[in-house]
Amino acid sequence: MRILRLTAVALLLACAFHVSAAELYHEPFRPQFHFTPERNWMNDPNGMVFFKGEYHLFYQYNPFGDKWGHMSWGHAVSRDLVHWEHLPVALPEENGVMIFSGSAVVDWKNTSGFGQDGAPPLVAIYTGHYTKRPLQNQHIAYSTDRGRTWTKFSGNPVLDIGEKDFRDPKVFWHEPTRRWVMAVAWPVKRNVRFYASPNLKQWTHLSDFGPTGSTNGIWECPDLFPVRLEGKPGESKWVLIVNVGSGAPAGGSGCQYFVGDFDGTRFTLDEASQLPLWADYGRDFYAAVSWSDIPKHDGRRLWIGWMSNWEYAGVVPTSPWRSAMSLPRELLLRRVDEGFRLLQTPVRELRKLRSQHVRNRGGTVDEIAQWLRQKNVRGAQLEIDVDFEVRGAAAFGLKVRQGNGEETVIRCEPASQRLFLDRARSGKTDFHAKFPGIYEAPLRVREGGVRLQVFVDTSSVEVFANDGEAVLTSLVLPVSSSSGLEVWGTETGPKVRRFDIWKLRSVWREYGSGRRSGMATTSLPFIFLTAKGEKLDVRAGMSLGADDYCLVRGMDDKARSAELHSAVSQNCILRGVSQSEYAGTCRRPAD
Ligand code: FRU
């Protein structure tokens, strides 16, 4: 066991130092304003919760490599949903139990009793996946230090139906019935089960929903929340999110939703619902779930998805990390003739990344195309916002990440009322036969027009049409100099009413410089001291005493470099890593 651990730590260190901290976030294909872990494999977003000014983002993470495995919860926090600070692994795989997807809440009334000194605890509710037998059940863990350290509940599991597949609990406080409600997936049955609890520890079955809608693939990662209606202050409807492992419109995994009502016990679908409904028609938006505890005065429903697809996620050629999150998005519901449709728009906080701006107040497609050439508008990190006036049935659109024979084509087709994203020649596509392709979404022309908001990053394109009524999220892997932008259409086709383009700044470029933006735990100015005040050399494979506890203090620059790498050792879990506190602990890992 000990040898295994030493090997694992040695391997980890070897991988960790292959790319130096200075090179991190400058690698080819590294997203510049999307969240990625420094290194290694990531899938679903987990445990998103807002607490004391911080948005927490946990995520499915393999601390040991760039393939799925050893699933644990990685962790990052942000004060603005744009700049992220990496924190140590929050919930590691332990004792043959992997930490699968789940959620986190602020237990404001301390119903769980985990709170201390009158302060509410954070409670995470996640699936325990047993590696030595076919079993998944629900567990909880808590934190009383703003999510910096976590303790797994000794009474785990808190919900067990003896099933091999039973996962991804999403919990929220239901005020009218004054109890916690959990939505959790029974994947192979294609249903979502609802449970209630007074204290997050004892759960009673309430009802089941499904199978209905898209049932080809297994059901995973549900969420249930009210969403405000566009243009109707104070009105909302309940939306049930069900991510499906396969059978999505673009192929592979995707995210469907249902609109209806929830009475505290049962979710009922609106009669008018046409099923299935899809949140995103692109290839790369999965396991999307929402933030808990967004303050009332803010009132937004915010979520984020994993920007990949189970069909090829394991071979996307990026290193030393694998997978990014989508942009965080705000949700609204729009009433249309056929019922309700989810609207998604990237959060307004992203506007702070806007730098150089060019605007055109309208013209024909040819005029705008010429203007783009004159201005030499190009970039691998862009926000584009364009209003087209539709005239006739001819197709029109944009090309982004163009150059070197590469392009990603966005195509609006008023005749067929469809929007397309074509990444067949977008750059590197040959790593998986199912990666290249053309994907399509329904497109409703509104008031004679189509608005396209497009976010282009190093290795992704997200298209939001008509305020996010149709969304296409897509990975693309062009070379960095393929940064051209074009508008296209026929002369008798559409007119452009307005065209805005911003270059977007990187949220990671300051990485490792000690600035808050993208600051890494591996480059924090920390020194480790034992409780007795002796300096501690944290080395691979070292054993700390069970109560070993080391204060971490600020230090001068010269001494810093020697300490930087120590934090990645599996043996060391930092506590209280904010720069202002400079305090931490080292803990002996459980065997
Ligand atoms: C969805 C999923 C979840 C599971 C997790 C494991 O992508 O399969 O159902 O909890 O990934 O990593």
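Modeller: Let us begin with confidence. The chain averages a pLDDT of 86, and 82% of the residues score at least 70.

Colleague: On what basis are the features reported?

Modeller: This is a predicted model, in which local features need pLDDT of at least 70 and side-chain atom pairs count only at pLDDT 80 or more, while totals for chains, interfaces and linings use all residues. Residues are numbered from 1 along each chain as its sequence is written, and side-chain values use heavy atoms, with hydrogens and water left out.

Colleague: Which residues are around the ligand?

Modeller: A residue is near a molecule if one of its heavy atoms lies within 4 Å of it. Here the residues are Asn-43, Asp-44, Gln-60, Trp-68, Phe-100, Ser-101, Arg-167, Asp-168, Glu-220, Tyr-286 and Trp-310. At least two residues of this shell come from each of the strands β1 (40-51), β5 (97-106) and β9 (167-174); strands are DSSP runs of E, at least two residues long, numbered from the N terminus.

Colleague: Which polar side-chain atoms lie by an oxygen atom of the ligand, and at what distance?

Modeller: A polar contact is a pair of N or O atoms within 3.5 Å. Asp-44 places a polar side-chain atom 2.7 Å from a ligand oxygen; for Trp-68 the distance is 2.9 Å, and for Trp-310 it is 2.9 Å. Of the 320 Å² of accessible area that the ligand has on its own, the protein covers 95%, by the Shrake-Rupley method with a 1.4 Å probe.

Colleague: How many salt bridges are there?

Modeller: The rule asks for a side-chain nitrogen of Lys or Arg within 4 Å of a carboxyl oxygen of Asp or Glu. The count is 40. One of them joins Lys-237 to Asp-270, with the closest N and O atoms 3.0 Å apart. Lys-237 lies in strand β14 (residues 236-244) and Asp-270 in the loop between β16 (267-269) and β17 (277-278), so the pair ties together parts 33 residues apart in sequence.

How values were computed: A polar contact is a pair of N or O atoms within 3.5 Å; within protein, one must be able to donate a hydrogen and the other to accept it, and residues adjacent in sequence count only if both atoms are side-chain atoms. Helices (H or I, at least four residues) and strands (E, at least two) are DSSP runs, numbered from the N terminus. pLDDT is the predictor's confidence in each residue, from 0 to 100.
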